[in-house]
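Student: Hi, I have just opened this one and would like a tour. Please take it step by step.

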Amino acid sequence: AGIVRQAQNVELVGQLGGITEAVAAHGNYAYIGAGPRLVILNVADPAHPAVVGQTSVLSGTVAGVEVVGDYAYVVAGDLYIINIAMPSSPEEVGYCGTPGSALDVAVSGTYAYVADYYSGLRIVDVSDPAHPTEVGSCNAPGSASGVAVSGNYAYVADGIAGLRIINVSDPAHPSQVSIHDTPGWALGVAVYGNYAYVADGSAGLSIINISDPAHPRQTG
């Protein structure tokens, strides 16, 4: 009982280092997760990257980051919006809790698309970075670990289920249009042109033709 009472009075006074699971690059800077912080590196000289700034401790390990303009969209259990206009002093300006465990984020227009593990895809309006608000979701059974957005579709890497393709033309009412069962465990996805490239666990890289979103097919 004494130990419990002491734990209730514990105060975080510092944190250093941590696992790196996410990175984004923009201009002369790289934005990486270092444990529960977003760390900004100056990489103008790639041989000598230098830390120029970092956020305060977030609620979990940084699992994904996307940079658009003066903002970094960071998932660390939940969604955080960080103003990075001054790389030496990144500042949290917005927060949106998610029901699951946010693992990846993609930003398109005024919306952030969050892969929220067992809670599927969450769509957050970020038109006002200080007040991000969830406006829609598509929670199919699975474990959403990665997300990419192209045009009217979100592509979700969803664990053993494979690649889910979701129509997000109406962000308030996203709907799944197809699912492609990849050979392995889908962990991440990138989209370029008519192809989705899925990090598929022990199965390696799966390349899927998505020219017809309703009928995706593996090509390599």
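**Strands, loops and a pocket**

Student: What is the bridge partner of Val 114 in S11?

Tutor: In S11, Val 114 has Arg 122 as its bridge partner. A strand here is a DSSP run of E with at least two residues, numbered from the N terminus, and two strands pair if DSSP finds at least two bridges between them.

Student: Before we go on, what kind of model is this?

Tutor: It is a predicted model, where local features need pLDDT of at least 70 and side-chain atom pairs count only at pLDDT 80 or more, while totals for chains, interfaces and linings use all residues. Residues are numbered from 1 along each chain as its sequence is written, and side-chain values use heavy atoms, with hydrogens and water left out.

Student: Thanks! Back to S11, then. In what sense does S10 pair with S11, and over how many bridges?

Tutor: S10 (residues 111-115) pairs with S11 in the antiparallel sense, over five bridges. On to S12 (residues 133-138): S11 pairs with this strand too, again antiparallel and over five bridges. Arg 122 has a bridge partner there, Ser 137.

Student: Is S11 largely enclosed or open, and why?

Tutor: Largely enclosed by the rest of the structure, because four of the five residues of S11 (residues 121-125) are buried. Buried means under 20% relative accessible area, exposed is over 50%, and partly exposed is in between, using a 1.4 Å probe and protein chains only.

Student: What is the strand order of the sheet with S11 in it?

Tutor: The order is S9-S10-S11-S12, an open sheet of four strands with antiparallel pairing. S9 (104-108) and S12 stand at the edges with a single partner strand each, so one side of each has no neighbour in the sheet. From one strand to the next the twist averages 25°, where axes are lines fitted to C-alpha atoms and angles run from 0 to 180 degrees between N-to-C directions.

Student: And how do S9 and S10 pair?

Tutor: In the antiparallel sense, over five bridges. Ser 108 stands opposite Tyr 111 in S10.

Student: Where do the side chains point in a strand?

Tutor: As a general rule, side chains in a regular strand alternate between the two faces of the sheet.

Student: What sits in the loop between S10 and S11?

Tutor: Tyr 117 lies in that loop. Its phi is near 50°, a positive value in a residue other than glycine. The hairpin of S10 and S11 has five residues between the strands.

Student: Which ring does Tyr 117 pair with?

Tutor: The ring of Tyr 118: the centres are 4.4 Å apart and the planes are at 55°, so this pair is tilted. Rings of Phe, Tyr and Trp (its six-membered ring) pair if their centres lie within 6.5 Å; planes under 30 degrees apart are stacked, over 60 edge-to-face, and the rest tilted. The whole structure has two aromatic pairs. Tyr 117 is partly exposed at 25% relative accessibility, while Tyr 118 is exposed at 58%.

Student: What is the volume of the largest pocket?

Tutor: About 280 Å³. Of its 13 lining residues, the closest to the centre are Ala 22, Ala 63, Gly 64, Val 65 and Asp 104. On a 1 Å grid over the protein atoms alone, a pocket is an open set of points where a 1.4 Å probe fits, with protein on both sides within 12 Å along at least five of seven lines, and lining residues have an atom within 4 Å of a point. Grid points are joined across faces, edges and corners, and the volume is the space filled by probe spheres set on the points.

Student: Which strand gives the largest share of that lining?

Tutor: S5, with three residues.
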